[in-house]
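Me: I have just opened this one and could use a guide. Could you walk me through it as I ask things?

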Amino acid sequence: DKQLDSKAKTPLFFQEIIVFLEENGIKEEGILRIPGSSARIKVVIRELEETFYNQDFSWENKRTNDVATLLKQFLRDLPYPLLTYEYLHLFASVDAIVDAEKKEEALNLLVLLLPDCHRATLRLLLKFLNNLVEHEAQNKMSINNVSMIMAPNLFLSRQRNNQTKESDLQMAACTYSVMRMLIKLHDSLWIVPVDLLGQLRELNKTEKRKPRGGKKKRSTDAALLSPTRRVSDDLPTPDQLPPMSRESQERLKNIIRVQAPHFAKVSMAFELTPALTAGEIVSRFRKKSFDNTAEKEGAAKQHPVMVRRMSLKTIVEPLDTYHLFEIGGNIGERCLPHDSIVMAVLKGNPNAEWVIKQRELDF
């Protein structure tokens with residue numbers, strides 16, 4: 001898969017199954033409940049094995065029930081379960097937690113612990129299953145139906161000699177309940193909890209404060225000749241500058257510079273307010289870039305040799321394709337939801353850099 005698409009986070013075959021079912025079977029009655037033909041499915045599997053990675057395979061004339069059955073079979077036959085052997089029993093045991101809020105938190109953390117490929121594939125699957133449920137009026141597939149059908153395909157139980165019928169029924173009930181929660185919470189399971197994010201920031205701060213041994217202090221001459229020497233190294237230190245008023249100091253603390261390398265205007269300063277959101281910053285930046293581009297187009301009419309830096313695509317793309325990212329400081333990189341209050345994020349990570357770019361898709 002990586003050879004065909006280096007950015008793929010989910011199996012290409014799985015992506016195509018989901019796309020086919022979204023386009024052809026989302027409104028079909030009993031799409032997951034009615035099984036496909038075993039004989040036809042064997043033929044499809046043979047075709048896939050022989051032609052899929054040669055890009056000669058065609059989904060044309062394939063029956064939706066056959067493909068839906070193939071989806072379930074794919075999940076069952078994975079050499080390593082989608083929820084992994086390490087966490088499978090933990091996912092199943094979430095149902096035993098009495099407090100509903102703690103139950104959701106536990107499920108959230110388990111999803112975040114999954115390997116990247118597993119998590120991205122699970123996200124794609126849950127998004128599709130939720131879409132099925134939203135078309136219940138046409139396909140007669142309620143969230144209870146979908147959960148009951150899909151749970152055995154994700155929670156593959158290893159049969160034990162001492163396993164009783166009662167324990168099987170209990171496990172089925174638990175996994176059905178967890179499957180139902182996964183579908184209901186499909187949109188929020190991928191967000192790192194705020195309290196955990198705070199702990200990660202503190203951990204990063206602690207790691208950065210640790211002394212790094214084995215490094216010799218460079219001489220002044222070596223520092224001056226270093227290719228990594230910055231102009232800011234020659235600037236006066238804060239104690240050499242004239243004192244600033246308290247009001248000016250507070251205002252400076254709330255000013256950030258946002259970079260947007262894909263826009264016509266690549267950098268802008270913003271003074272934060274308690275109500276300013278990440279989405280508003282992206283919107284203002286895009287508007288300013290659009291204005292700049294319009295000016296350049298006007299100038300280009302007089303000077304044809306001028307070339308625009310910003311393509312039409314970055315002007316007309318919807319706001320949701322671009323996000324404000326918090327990078328560095330006490331965190332690696334985080335895509336901020338559009339409703340995030342940036343001043344609050346800045347207080348938690350005062351040394352972060354701010355970049356507007358497109359969020360990578362999950363597939």
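Me: Which residue in β5 does Val258 stand opposite?
Reply: In this predicted model, Val258 stands opposite Trp354 in β5. The strands involved are β1, residues 255-259, and β5, residues 353-358, which pair in the parallel sense over 2 bridges. Gln259 also has a bridge partner in β5, namely Val355.

Me: And what does Val258 stand opposite in β2?
Reply: That is Met268, and the pairing it belongs to joins β1 with β2, residues 267-271, in the antiparallel sense over 5 bridges.

Me: In what sense do β3 and β5 pair, parallel or antiparallel?
Reply: Strand β3, which covers residues 322-327, pairs with β5 in the antiparallel sense, and the pairing runs over 6 bridges. Within those strands, His323 stands opposite Lys357 in β5.

Me: Changing topic, how many helices and strands are there in the protein?
Reply: There are 15 helices and 5 strands, in a protein of 363 residues of which 36% are buried. Of the contacts with a separation of 6 or more, 71% are between residues 24 or more positions apart.

Me: Let's take a helix then. Which residues of α2 are buried?
Reply: Helix α2, residues 38-51, has 14 residues and reaches 20 Å from its first C-alpha to its last, close to the 20 Å expected at 1.5 Å a residue. Its buried residues are Ile41, Val44 and Leu48, and because they cover an arc of only 60° around the axis, they lie on the same side of α2. An α-helix has 3.6 residues a turn, so residues three or four places apart point the same way.

Me: What do those buried residues pack against?
Reply: The buried residues of α2 pack against α1, residues 12-24, and α3, residues 64-77. On the other side of α2, by contrast, Ala39, Lys42, Glu49 and Glu50 are exposed.

Me: And α8, which residues are buried there?
Reply: In α8 the buried residues are Ile143, Val146, Ser147, Met150, Ala151, Asn153 and Leu154. They are on the same side of α8 because the arc they cover around the axis is only 155°. The helix runs over residues 143-154, so named with 12 residues in the DSSP run, and its reach from first C-alpha to last is 16 Å, close to the 16 Å expected at 1.5 Å a residue.

Me: One more residue, Asn108: why does it count as buried?
Reply: Asn108, which is found in helix α5, residues 100-113, counts as buried because its relative accessibility is 11%, and buried means under 20%.

Me: Which residues does Asn108 touch?
Reply: Leaving aside residues up to four places away in sequence, Asn108 touches Ser188, Leu189, Trp190, Ile191 and Pro193. With Leu189 there is also a polar approach, in which a polar atom of the Asn108 side chain lies 2.8 Å from the backbone oxygen of Leu189.

Methods. Residues are numbered from 1 along each chain as its sequence is written. This is a predicted model: local features need pLDDT of at least 70, side-chain atom pairs count only at pLDDT 80 or more; totals for chains, interfaces and linings use all residues. Side-chain values use heavy atoms; hydrogens and water are left out. Helices (H or I, at least four residues) and strands (E, at least two) are DSSP runs, numbered from the N terminus. Buried means under 20% relative accessible area, exposed over 50%, partly exposed in between (1.4 Å probe, protein chains only). Contact means heavy atoms within 4.5 Å. Two strands pair if DSSP finds at least two bridges between them. The expected span of a helix is 1.5 Å times one less than its number of residues. The arc is that of the directions from the helix axis to the C-beta atoms. A polar contact is a pair of N or O atoms within 3.5 Å; within protein, one must be able to donate a hydrogen and the other to accept it, and residues adjacent in sequence count only if both atoms are side-chain atoms.
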